[in-house]
Amino acid sequence: MYVSITRLKLKSIWLLPKFAGQSNKVARQANQSSGILKVRLSNRWFKYFYTMTHWNSKEAMQQFMINGEHKVAMKQWSDYASEVKAYGFETNDPPKWKEARSLIKKQGRITN
């Protein structure tokens, strides 16, 4: 299984309603995507927003990433976020949230 973790640092709490609307569209797209196993969302203090998705392959995740609402969202990230990090890896044992947050903090690469 391929696990993808992202962390977005929101520029301002005032952007939350607009960001949440876009985020919900992306989550719906992920849940309907071929190869998806699980979609999980989390946040910390309404400043850091996390996604953790489980896929049957890296290729399935990449197809999701470059299409639909996710493609739209990627073009708008700089409107909402001061930083976006991503980290992906193959595993048979997906992490819990505490470990996922640590992984993205230490090993995530800045994407914007």
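This is a predicted model: local features need pLDDT of at least 70, side-chain atom pairs count only at pLDDT 80 or more; totals for chains, interfaces and linings use all residues.
Residues are numbered from 1 along each chain as its sequence is written, and side-chain values use heavy atoms, leaving out hydrogens and water.

**Next, switch to cartoon.** You will find four helices and five strands in the protein chain, arranged along the sequence as β-α-β-β-α-α-β-α-β. Helices (H or I, at least four residues) and strands (E, at least two) are DSSP runs, numbered from the N terminus. The C-alpha atoms fill a box of roughly 40 × 30 × 20 Å, taken along the principal axes.

**Now colour by burial.** Of the 112 residues, 43% count as buried, where buried means under 20% relative accessible area, exposed over 50%, and partly exposed in between (1.4 Å probe, protein chains only).

**Select Leu8, Leu10, Phe19 and Trp55.** These residues have the most contacts inside the largest nonpolar core, which has 18 residues. Strand 1 (2-10), helix 1 (16-32), strand 3 (48-55), helix 2 (58-65), helix 3 (68-80) and strand 4 (81-90) each give two or more residues to this core. Helix 1 provides the largest share, four residues. A nonpolar core is a set of buried Ala, Val, Leu, Ile, Met, Phe, Trp, Tyr and Cys residues joined through side-chain atoms within 4.5 Å.

**Zoom in on Phe19.** Which residues does Phe19 contact, leaving aside neighbours within four places in sequence? They are Leu8, Leu10, Phe49 and Tyr80, with contact meaning heavy atoms within 4.5 Å.

**Then pick Tyr48, Met52, Trp97 and Ala100.** These are among the eleven residues of another core, which lies apart from the largest one.

**Last stop: Arg7.** Arg7 sits in strand 1. Is Arg7 buried or exposed? Its relative accessibility is 10%, so Arg7 counts as buried. Not counting residues up to four places away in sequence, Arg7 touches Tyr48, Phe49, Tyr50, Glu83, Val84, Lys85, Ile104 and Lys105. To finish, draw a distance from the C-alpha atom of Arg7 to that of Ile66: the two are separated by 18 Å.
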